[in-house]
Amino acid sequence: MKWQNKGHEFDTYGEKLAETFHERGDVFYIFGAGFLGSEIRAVIEKTGCFGGFIDNDERKQLSGVNGVKVFSLQEYLKMEKKGLVILAVDKSNVPTIAKQLCAAGLKLDKDYYEWDTFMKRVFPILSVYANKQVYVELAQICLTERCTLKCRKCAHACYAVGPESEDMSIEQAKESADSFFAHVDMVKEFVLIGGEPFLYKELGEIITYIGERYRDKMVIFSITTNGTILPDRAVLDLCKKYRVTVRISDYSGTLKRLEEKYTQIKEVLENNGVIYTISEKEAKWMDYGFETVNRGGVEEELISAFDRCKTPCREIRGSHYYYCVMARSVSDNLKMETGKTDYLDLKELTKVDQKILLEFQMGYSEKGYLDMCNHCHGADASNYPILAAEQMKRNVSDEIISNRTSL
């Protein structure tokens, strides 16, 4: 979207939303005291505006959930100031619960919101206009473009990067964190990525730097890895200390040899008290078409492609805040020289410019698109499935990997 009224794009909606929120007691209730509700609770609690759960389960109403009161819908309806309700249930249950709320006189997108829409489109606006706090769902620092795998069609084009490539300096990594958190009050997940981040020699130092200064501003602090390298003892200790979640991408469906690696890394993480997740086996990826797509630079088409994409993958690099980490990394790694100015420079913002940062985060910019949109399938990439993690040839030797796996 093109900026038409920079710094004021959401004023009418945001001010009305904030007024409603204040009238209702500055409080949120989450309908659904299950896993999804607990995830959203972790975000809402950081605002100091969490009122409790609503749930139809009478057992939860009696005992509560993790020390939090669980109300019945009838109890909620009797409250003088009812707050806003976030509907956090599985999609299959949404129609039934929505019918229940409708019968109770509650209206969608006024009295209650479905969680996905609320967290991505409503809460960031409400946070700025009601509480003067900037909320970001996901942001990343790409510490290295080097990787232990050489995946065809890698979304970051890391297959084009050799082992001699220079990583982000520790000074720039620290500047990236400082720039981001100087303007952002809360991020749901802050990620250290690559390439393969466990190749980054100063990983322990940057975990400590971010953990000491900014851990309280993050709901989740994580590292995304392909699981081919076992972190050393010092990094493991720091991950435990700063509650870093290690997210392992499972490519064993294509690369059978990685099954043993995943068994090893899970055992090491468990034995050292480190939180981790491992994805379902990734059978298919999407081909974004960076090497082949050319939209011809037609402005209307580029704006349309950008607006439909809505990628959540923000990146902070120094003071440069990129809307799409893939657009930046692919351009750099393939030497495309595309989108060199497609970022918001946080150095140029003051704390008063929260609305500009919000708007950029929500998809506004001077052009209304990224230059890389000209070379990307965007939202249509799902129509171009490819085999996940198909290898071209190794770009990091087994010797390098084996040297990092002893504890």
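Helices (H or I, at least four residues) and strands (E, at least two) are DSSP runs, numbered from the N terminus. All views show a predicted model.

**View 1. The second largest pocket, with lining from β14 and α13.** β14 (344–345) and α13 (354–361) each give at least two residues to this lining. The pocket volume is about 300 Å³. By type, the lining splits into eight nonpolar, two polar and six charged residues.

**View 2. The largest pocket and the residues at its centre.** Its volume is about 1,600 Å³. Of the 49 lining residues, Q140, H156, Y288, C313 and M326 are the closest to the centre. The lining comprises 29 nonpolar, 11 polar and nine charged residues.

**View 3. Strands and helices that line the largest pocket.** Three of the contributing strands are β6 (135–142), β7 (186–193) and β8 (218–225). β11 (284–286) also supplies at least two lining residues. So much for strands; the helices follow. α11 (299–309) and α12 (325–333) each supply at least two residues as well. β7 gives the largest share, four residues.

**View 4. The open sheet of eight strands.** The strand order is β10-β9-β8-β7-β6-β12-β13-β14. Pairing is mixed. β10 (276–278) and β14 are the edge strands, and each pairs on one side only. Within the sheet, β7 and β8 run parallel and are joined by five bridges. L192 has I223 of β8 as its bridge partner.

**View 5. Helix α8 across the sheet strands.** α8 spans residues 203–214. The helix lies across β6, β7, β8 and β9 (244–248). Relative to β8, α8 runs at about 170°.

**View 6. A cis peptide bond between G194 and G195.** Omega is near 25° for this bond. G195 sits in the loop between β7 and α8. Most peptide bonds are trans.

**View 7. N66, a non-glycine residue with positive phi.** Its phi is about 50°. N66 belongs to the loop between α3 (58–63) and β3 (70–71). Is N66 buried or exposed? N66 is exposed, at 62% relative accessible area.

**View 8. K153, a non-glycine residue with positive phi.** Phi is about 65° here. K153 is in the loop between β6 and α7 (170–181). With a relative accessibility of 24%, K153 counts as partly exposed. Most residues other than glycine have a negative phi.

Methods
Residues are numbered from 1 along each chain as its sequence is written. This is a predicted model: local features need pLDDT of at least 70, side-chain atom pairs count only at pLDDT 80 or more; totals for chains, interfaces and linings use all residues. Side-chain values use heavy atoms; hydrogens and water are left out. On a 1 Å grid over the protein atoms alone, a cavity is a set of points where a 1.4 Å probe fits but cannot get out, and a pocket is an open set with protein on both sides within 12 Å along at least five of seven lines; lining residues have an atom within 4 Å of a point. Grid points are joined across faces, edges and corners, and a volume is the space filled by probe spheres set on the points. Ala, Val, Leu, Ile, Met, Phe, Trp, Tyr, Cys and Pro count as nonpolar, Asp, Glu, Lys and Arg as charged, and the others, Gly among them, as polar. Two strands pair if DSSP finds at least two bridges between them. Contact means heavy atoms within 4.5 Å. Axes are lines fitted to C-alpha atoms, for helices over the stretch in contact, and angles run from 0 to 180 degrees between N-to-C directions. Buried means under 20% relative accessible area, exposed over 50%, partly exposed in between (1.4 Å probe, protein chains only).
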